[in-house]
Amino acid sequence: MTDPKTPTAIDAAKTHFAAILEQQLDRVERLKQDLEWTDYSQVKPIKIGILGGDGIGPFISAEARRVLEYLLRDAVSTGKVVFRDIEGLTIENRASHMQSIPDDVLAEIRDCHVTLKGPTHTPEKGDGWPNIESANVSMRKALDLFANVRPVRIPQEGIDWTFFRENTEDLYAVGSQGINVTEDLAIDFRVITSQGSRRIIEAAFAHAQRNGKSRVTIVTKANIIKTTDGKFLDIARSVAESYPGISWDAWYIDIMTAKLLDEARRNEFQVFALPNLYGDIITDEAAQIQGGVGTAGSANIGKTSAMFEAIHGSAPRMVKEGRAQYADPSSLIRAGSMMLDHVGYSQLSARLNKALDICTQYERKLSITGRDTGSSGKEFGDYLMETVESADLDSRWEGYVNS
Ligand code: IPM
Ligand code: MG
């Protein structure tokens, strides 16, 4: 007979679940203390941290930094903007501290207003590194970077999408805290809160309003995942009421992934808001439609801090084969353009985007192949800076888009 005092599998699971509930209810309380957005027009200096990351990261982030420093040279000379290099967000240093972001690195990140981050290696079982949490996921949680904003644009097709992916909840919130109840039963937990849903949906509608967009599309699977996705949808309904000028619609994630491939209708979509995992998946699809995940930039935005990054990985093989200087910095520079917009330099951001379009999609005077058969990242940076400064940038860009 089993000892009645030995906790059964169910009891052990209940205890584990109770701890998660407490942790998440505390989190909800913190979310209720709604912070104000930082107003960068009032901040001096705006501190921009550069995190090289792993693999090709230091190479492409050096290039992105050079371009940003060049564009912001006036702001740097008046002391409105300062750049800081933050060392130590490397897999070697993270593994030696057994922390996804070592404390001293996190302190430096917290001291900056915004950071530009090169790709960081995420350990997976069997790759030789300890199984520490992804630096991205940790940074999103530590700084409460709740909005993952990912634009995808194909001007000649009329595609101008912006995805607002919730970045702190859903299956990611306690993704490492699932339970093997028995040998045969594994359970993970999906977390969706009213506050977390409201702030991302609100950010999507506010973006639409600011940028003259007329439609927000909410994506869920609320027909099946009734409680959590049902909440997300309910909150969307209530947020939409405060934006009478913007129409909204709701789609299920499966048909949404299909619709993004529907060339006849896809350019009708404008702004999307969606829970974390659906957003993770669909933004890779969308980036691929634009030309590959290597072409897209990504912003992780919180009210008082933000981190900007490329969506691609650290390409360790390029470094091993001595080709890191041929890595394409353009998606990290796209992220840099989002940073410019975020801290109040929207005109510089728009110019940089046009120059990137010209250099990577239209004129393409240089091509980057990732090897010595193509240009280096530095040559590309020079080409980009020359283009961004050219007097006829706007008319050239319009010429390409309309041809
Ligand atoms: C992304 C990535 C990350 C995620 C990984 C690297 C943890 O896929 O930024 O989309 O799943 O969010
Ligand atoms: Mg992803």
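These are my notebook entries on what I looked up in this predicted model.

**Ground rules**

I am working with a predicted model, in which local features need pLDDT of at least 70 and side-chain atom pairs count only at pLDDT 80 or more, while totals for chains, interfaces and linings use all residues. Residues are numbered from 1 along each chain as its sequence is written, chains are lettered from A and ligands numbered from 1 in the order in which they are written, and side-chain values use heavy atoms, with hydrogens and water left out.

**Entry: cysteines**

I searched the whole structure for disulfides and found 0, a disulfide being a pair of cysteine sulfur atoms within 2.5 Å.

**Entry: salt bridges**

How many salt bridges does a search of the whole structure find? I noted 32, where a salt bridge is a side-chain nitrogen of Lys or Arg within 4 Å of a carboxyl oxygen of Asp or Glu.

R94 and D54 meet through their side chains in a salt bridge of 3.3 Å, N to O. This pair links distant parts of the chain, with R94 in helix α4 (residues 91-97) and D54 in the loop between β1 (46-51) and α2 (57-71), 40 residues apart. I checked the accessibility of both partners, and R94 and D54 are buried.

R190 forms a salt bridge with D229, and their closest N and O atoms are 3.0 Å apart. Here too distant parts of the chain are linked, since R190 sits in the loop between β7 (186-187) and α7 (194-210) and D229 in helix α8 (residues 228-241), 39 residues apart. D229 counts as buried because its relative accessibility is 0%.

E363 forms a salt bridge with R396, with the closest N and O atoms 3.0 Å apart. Because E363 lies in the loop between α13 (346-362) and α14 (377-389) and R396 in helix α15 (residues 393-402), the pair ties together parts that are 33 residues apart in sequence. E363 is partly exposed, with a relative accessible area of 25%.

I also noted a network of salt bridges that links E63, R66, K378 and D382.

**Entry: helix α2**

The 15 residues of α2 should span 21 Å, and the end C-alpha atoms are 21 Å apart, so the two agree. Several residues of α2 are buried, among them G57, I60, E63, A64, V67, L68 and L71.

Is strand β5 (residues 159-166) largely enclosed or open? I found that 7 of its 8 residues are buried, so β5 is largely enclosed by the rest of the structure. Two strands pair if DSSP finds at least two bridges between them. Strand β4 (residues 147-154) runs antiparallel to β5 and is joined to it by 8 bridges, and V152 has W161 in β5 as its bridge partner. The two strands form a hairpin with 4 residues between them, and G158 in the turn has a positive phi of about 70°. With strand β10 (residues 271-274), β5 pairs in the parallel sense over 4 bridges, and there F164 has A273 as its bridge partner.

**Entry: ligand 1**

Which residues surround ligand 1? I listed S134, V137, R140, R150, R165, Y172 and D280, counting a residue as near if one of its heavy atoms lies within 4 Å. An N or O atom in the side chain of R165 is 2.8 Å from an oxygen atom of ligand 1, a polar side-chain atom of Y172 lies 2.6 Å from an oxygen atom of the ligand, and for the side chain of D280 the distance is 2.9 Å.

**Entry: backbone exceptions**

Most residues other than glycine have a negative phi, and most peptide bonds are trans. I noted a cis peptide bond between K44 and P45, with omega about 0°, and P45 is placed in the loop between α1 and β1. D170 has a positive phi near 65°, lies in the loop between β5 and β6 (179-180), and is buried at 1% relative accessibility.

Conventions: Buried means under 20% relative accessible area, exposed over 50%, partly exposed in between (1.4 Å probe, protein chains only). The expected span of a helix is 1.5 Å times one less than its number of residues. A polar contact is a pair of N or O atoms within 3.5 Å; within protein, one must be able to donate a hydrogen and the other to accept it, and residues adjacent in sequence count only if both atoms are side-chain atoms.
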